[in-house]
Amino acid sequence: MRIALVTGGHSRVGRAISEALATRGWRVLLHAFRGTARAEALDQVLNPPPHGPMGIWQADFSDTAATLAAFETLLATLPAEAELALVHNASAFENDDRDAVTLARFRMHHAVHYEVPVLLTLAAARRFPRGQALMVLDQNVANLHDQFLSYCLSKGAMHAALPRLALALAPFRVNAVAPGPTLPLPEADLAAFDAAARATPLQGAVAPGDVADAVAWLLDARRVTAQTIFVDAGQHLKQWREPAAPGV
């Protein structure tokens, strides 16, 4: 049995990833913080009879200790013979710059994007040593700008940890995808988002399904580890600013 636990797997790009994995034969276990009703409804669709729904895992990743304890309990309920893939998709996205970074915002971003993914990956590797983890990063790990400082620092920390985790946990595999302009934020200027997407080398936004396909490929690539695939229309090759940010 192949089980994929997709954090934040009920909405936006996470939903596309969950749907793509389900069509490829994975049993998909959804994590949600908010939107649990949507996650439960999607669970019914992704995991039809004869096996039926997996149930969802609700956790607030800003509370690292509670999340880790709950995850250990969850792991104990999974079949020991399962092939586990842990897809770290859950994300927080708040804009700050050097004058707006607060301790609370800094800690929240690092908990969601770095501390929790690392600790859950370590726990998963102990119980499922031939499993794998996949990090959903952001093209900004290779694209320097001065916006979203806490967000970018936390994603960068996860990117830096990737090869070390892959080496330390092998044969447990650790890989990543780094999307570019995929879905605009609710508050984004859509015209500005479209202009930014057209300014990429491949001249267009990335479909959520493109990101999902890269995730699915990496999960099946059994001799690939410590790799990051940029699914960003080449955006990381050119300096880029977030259209939703103040002043842009």
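Reply: In this predicted model, the second largest pocket holds about 260 Å³ of space. Its lining is made up of Glu 83, Arg 130, Gly 131, Gln 132, Ala 170, Pro 171, Phe 172, Arg 173, Arg 222, Arg 223, Val 224 and Thr 225. By class, five of these lining residues are charged, four are nonpolar and three are polar.

The largest pocket has about 1300 Å³ of space. Its lining comprises 47 residues, and those nearest the pocket centre are Arg 12, Ala 90, Ser 91, Ala 92 and Phe 93. Two or more lining residues come from each of α1 (12-23), β2 (27-32), α4 and α5. The lining of the largest pocket divides into 23 nonpolar, 15 polar and nine charged residues.

Two of those elements, α4 and α5, also pack against each other. Helix α4 covers residues 103-127 and helix α5 residues 149-169; their axes come within 8 Å and cross at roughly 15 degrees. That angle is under 35 degrees, so α4 and α5 count as roughly parallel to each other. The crossing of α4 past α5 is right-handed.

On the α4 side, the contact is made by Arg 105, Phe 106, His 109, His 110, His 113, Tyr 114, Pro 117, Val 118, Thr 121, Leu 122 and Ala 125. They meet residues of α5 that include Ser 150, Tyr 151, Leu 153, Lys 155, Met 158, Ala 161, Leu 165 and Leu 169. Sorted by class, this contact has 13 nonpolar, six polar and two charged residues.

How values were computed: Residues numbered from 1 in each chain as written. Predicted model: local features only at pLDDT ≥ 70, side-chain atom pairs only at ≥ 80, totals over all residues. Heavy atoms only, no water. Axes fitted to C-alpha atoms, helices over the stretch in contact; angles between N-to-C directions. Helix = DSSP H or I, 4+ residues; strand = E, 2+ residues; numbered from the N terminus. Parallel < 35°, antiparallel > 145°, perpendicular 65-115°, else oblique. Left-handed = near helix turned anticlockwise from the far one by under 90°. Contact = heavy atoms within 4.5 Å. Nonpolar A, V, L, I, M, F, W, Y, C, P; charged D, E, K, R; others polar. 1 Å grid on protein atoms, 1.4 Å probe; cavity = no way out; pocket = protein on both sides within 12 Å on 5 of 7 lines; lining within 4 Å. Points joined across faces, edges and corners; volume = space filled by probe spheres on them.
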